[in-house]
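Dear colleague,

I am handing over the structure we spoke about, and below it you will find my notes on what turned up in it. Please read them with the model open beside you.

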Amino acid sequence: MMPGEEREFDDLLLMLKEIRGFDFTGYKRTTLMRRITRRLAALKLRDFGEYRDYLELEPDEFGKLFDSLLINVTGFFRDPAAWQTLRETVVPALLATKSAGKPIRAWSAGCATGEEAYSLAMVLAEEMGLDEFRERVKIYATDLDEKALQVARAAVYSDRQVADVPEELMTRYFEPVDSGFAFRRDLRRQVIFGRNDLTRDAPISRVDLLLARNTLMYFNTETQLSIVRRFHFALANPGYLFLGKAEMLLNHSDRFDPVDLRMRLFRKIGSATGATRTAWNSAALLPEPLARISALQVSALASGPIAQIVLDRSGNLALLNTRAEILFHLNPRDLGRPFQDLEVSYRPVELRSVIERVELEARTVELQDVPWHRPGMTDPSIFDISVVPLQEPSGELVGVAVNFHDVTRYRRLRDELERANKDLENAYEELQSLNEELETTNEELQSTNEELETTNEELQSTNEELETMNEELQSSNDELQQINDTLNRRTLELDRANQFVAAVVRSLGDAVAVVDRDLRVLMWSPGAEELWGLRADEAAALHLAALDIGLPLDTLLPRIKDMLDTGAPFDAAPETFVVDAVNRRGRPAKLAVTLSPLHGDDGSRPGVILVMNIQ
C-alpha cells in the first residue's frame, strides 16, 4: 500500500473512533483492510478517502460497515471435543474449589449473538442441577456489536442455529416459538448481556471461568498482550481461560498454565500480594503544640529509624524526629519556621514543588534514588523520599509528612552484587572456553529450537488468518444463501407472471405483438405466428421493419412513433384503423390494427401493443 493510502486508511480509522467511539487501531490491519475494501467494491468507490466522504454523507453506511468488521460467526458447542473436555476436566475442578452456596461467576467475552454463553449455561446447569444453577451462577456475556447483543438477549434461534445442540439438551433447555426455539426464560435471567470493548473498557472482575473463543485472533500482537493481561486480572484464583482453536498463549507462560493445550484450556497462575505500606496515624501528627503530645508519642516519633519531618497546613515545620535533626542539622528552635526557609526544602532535592503537588492532588509522591553529596563524605548517600498527605477522617488536609529512607547500604550491596555477578560471568566464560564443542552443539540446538518456535508462530498466525477468512467465507455464504433464496422466490413469481400473461394472450386469440420504443419486438403471440407464419423466437428482438411479413409499415410506423411521442393521457382510447395487408399465403387482406400504448409505473411509455385482426 502506498504512503498516501496508508494515511487515508489511518484517517478513516480515526474518524470511526472520534465519531462512533469504535477504536479499531488494535485490530489486525490486513483483516480491517480486506473487510473495508469489500465495502468499497460494493459501493464502487476508488479509495479510502472517497469512502470517508461517503460515510459523512450517508450515516446509515456506518451500520453496514460495522456489520462487516464485527464478524459474528458463532454457534452452540462449537468444537464439541473442547466443550467435552471443559465439562469433564475444568468444571468439576472449579466446583471442587467452591464451598456450598458460594457464587460462581463466568464471563463470555466477544459473545456475538450469545450461543456460547448459553452453551456454558447448559454445561453448568447439567453439572450443578437447575436449582443450584439459578441460585449460584452469573454469566456475564459482552460484545462490541449492539445489534448482536439484542439478538442474544432475545435468545431465539432458528432450526439451523440449534442444529448442533444435542437432542436431550434441546428438550430440556429450549422452548419452541413462532420464529424458532427460545432458551428457557427462567434460566435466561442468569445470563447478563452488555457492551464491552476489550481494548478500552474495564474487565469483568473476580470471574471463575472466562470464555474468549476466536476473539483474540482479530487483534494485533500488542493488543492481544494487553487483553491477555486484562483477562489475567479479571480471573479469580484459581480461574480458568477457554480460548478458540485458532488461538494460543505462546508468550504468557508466566500468567497461565495449560490444562489441555490442544483444547485451548488454561489455568491462571496466581500472583502474590505485595507488602502493605504503613503510614503514621494522622491524628498523632496534627500540628499541635509539643506540650499537648504525650510522652509516648514524642518518644515513638523521636526514635524512628528513618528521618521524618511533618509540616502543618500553612507550610511550617511542625514535627521532626531525632534522625531528621542529625541528618539535616535541625533543632527544636526550627519548629514553626516556614519550610521553604530551611535548607532541607531544596537539598538533597527540590521538595517545595513536590509538596505543592501532594497538597493539590492529595496523594503520595515518591522520589527514588536521590543522591546527596554530604560535606566531608567522599561517596554520596542515596535516599528514597516519600511525601505523604495527612488527612482528617473527613478528608480535610491537615499537613504533609516527608520521609527520608537511607538506601545507601542497599545500593552498595546491589553494586557489590553486580560486581560479583560480573566475576561470576568471567568465571563462566572461562568454563565455556573449556567446553567449546559442547557449546557449539548447544547453540546449534538453540538455533534449531528458535527456528521451530518462529515457524510455530508463523503457522499460528497463518492459522488465525485462515480461521478469520473461513468465518468471513461462512458469513458471506450465509448472505449468498439468503440472496439465492430471494432470487428463487422472485424467479417463481416471475414464472407465474409470465405464465399468466401467456395464458391471457392465448385466450385473446388475436394476433398480438408488443414493441419497445426502439420498435423491437418484445412479444409475438401464437395468433401472430398463425397470421404471418413467423415463429416467436424468430421475431424476438428484431426491428418491426426487419420482419418479412405483409404488414404495410409505411402506414403503420408513423402512427406507432406518434403514439410513443405524443403522450396521450392514461385513460385515452386505443387507436384502431384498417390497412391493406398480405397474409402468409400471399393474398391481399383487410387488416384491422389497434394500437395501445404501454404505461410504465413512472408515467413513461416503454412501448406499444399491436392487436391485428383479418376483416
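**An aromatic cluster and its surroundings**

One aromatic cluster is formed by Phe76, Tyr118, Tyr157, Tyr173, Phe174, Phe183 and Phe193, where rings of Phe, Tyr and Trp (its six-membered ring) pair if their centres lie within 6.5 Å, with planes under 30 degrees apart counted as stacked, over 60 as edge-to-face and the rest as tilted. Before going further, please note that this is a predicted model, in which local features need pLDDT of at least 70 and side-chain atom pairs count only at pLDDT 80 or more, while totals for chains, interfaces and linings use all residues. Residues are numbered from 1 along each chain as its sequence is written, and side-chain values use heavy atoms, with hydrogens and water left out.

A search of the whole structure finds 14 aromatic pairs. In one of them, the ring centres of tyrosine 118 and tyrosine 157 are 6.3 Å apart and the planes stand at 75 degrees, so the pair is edge-to-face. This pair links distant parts of the chain, since tyrosine 118 belongs to helix 6 and tyrosine 157 to strand 3, 39 residues apart; helices (H or I, at least four residues) and strands (E, at least two) are DSSP runs, numbered from the N terminus. Tyrosine 118 counts as buried at 0% relative accessibility, and tyrosine 157 is buried with a relative accessible area of 0%, where buried means under 20% relative accessible area, exposed over 50% and partly exposed in between (1.4 Å probe, protein chains only).

Alanine 117 is also found in helix 6, and at 1% relative accessibility alanine 117 counts as buried. Leaving aside residues up to four places away in sequence, alanine 117 touches Ser108, Ile139, Ala141, Val191 and Phe193, contact meaning heavy atoms within 4.5 Å.

Strands of a sheet pair through backbone hydrogen bonds, either parallel or antiparallel. Here an open sheet of 7 strands has the order 6-2-1-7-8-10-9, with mixed pairing, and two strands are taken to pair if DSSP finds at least two bridges between them. Its edge strands are strand 6 (191-195) and strand 9 (256-260), each of which pairs on one side only. Strand 2 (residues 137-143) and strand 6 pair in the parallel sense over 5 bridges, and tyrosine 140 has isoleucine 192 in strand 6 as its bridge partner. Helix 6 (residues 115-128) lies across strand 1, strand 2, strand 6 and strand 7, running at about 170 degrees to strand 2, where axes are lines fitted to C-alpha atoms, for helices over the stretch in contact, and angles run from 0 to 180 degrees between N-to-C directions.

**Helix 8**

Which residues of helix 8 are buried? In helix 8 (residues 146-154) they are Ala148, Leu149 and Ala152. They cover an arc of only 100 degrees around the axis, which puts them on the same side of helix 8, the arc being that of the directions from the helix axis to the C-beta atoms. These buried residues pack against helix 6, strand 2, strand 3 (156-157) and strand 6.

**The sheet of 5 strands**

A further open sheet, of 5 strands, has the order 12-11-15-14-13, with antiparallel pairing. Within it, 9 bridges join strand 14 (residues 381-391) to strand 15 (residues 397-406), and glutamine 391 stands opposite leucine 397 in strand 15.
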